[in-house]
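Hi,

Here is the structure I said I'd pass along. Have a look at it, and then read on for what turned up on salt bridges.

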Amino acid sequence: LNGGTFALGGDDQQTAQFFGTLTLTEDSTIDFGSGGGTIRFADSSGETWNPGATLTIVNWEGIPTDGGGKDQLFFGNDATGLTAQQLSQIRFENYGPVNLHLADGEVVPVPEPAAVAAGFGLAALIAWRERRRMKRIWELTRERISQ
């Protein structure tokens, strides 16, 4: 990729695209669009990427950290399909700068720690509220029984 956007088309059908190795020479974008899609590049770890270039992934609707989902991006068939430097040059829109290269070759983003912390905070707040609600129900039930 030497600049510009590679778009999957945005239709509502699951599409699979298979390609050879990827070389990144300029800032470029892969746009998954509104439809589901899978892009498979061959093992690109032997290719030279411009270290100043970024590959931005937009409209991706996969499953962060675990892989799978509506959209998937693969490099090779295992976790060696990209170098650590190449992996660091990929940016998923709406996610932090950290990505994982899974054992099956899929590349996925890791949610920002702030987002994870916010999720845990929300879960704790809901648990606290439910505990208070259950305590109140128990107290009302005890009052009725004692009457």
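This is a predicted model: local features need pLDDT of at least 70, side-chain atom pairs count only at pLDDT 80 or more; totals for chains, interfaces and linings use all residues.

A salt bridge here is a side-chain nitrogen of Lys or Arg within 4 Å of a carboxyl oxygen of Asp or Glu.

Residues are numbered from 1 along each chain as its sequence is written, and side-chain values use heavy atoms, with hydrogens and water left out.

Searching the whole structure gives four salt bridges. One of them pairs Arg-136 with Glu-139, with 3.7 Å between the closest N and O atoms. Both residues sit in helix α2 (residues 113-146), three residues apart, which is about one turn of the helix. Arg-136 is partly exposed at 45% relative accessibility, and so is Glu-139 at 28% (partly exposed lies between buried, under 20% relative accessible area, and exposed, over 50%, using a 1.4 Å probe and protein chains only).

There's also a network: Arg-129, Glu-130 and Arg-133 are joined by salt bridges that share partners. Within it, Glu-130 and Arg-129 meet at 2.9 Å, N to O. Glu-130 is partly exposed at 25%, and Arg-129 is partly exposed at 49%.

Finally, Lys-70 bridges to Glu-61, the closest N and O atoms being 3.6 Å apart. Lys-70 has a relative accessible area of 32%, and Glu-61 comes in at 43%.

Cheers

Methods:
Helices (H or I, at least four residues) and strands (E, at least two) are DSSP runs, numbered from the N terminus.
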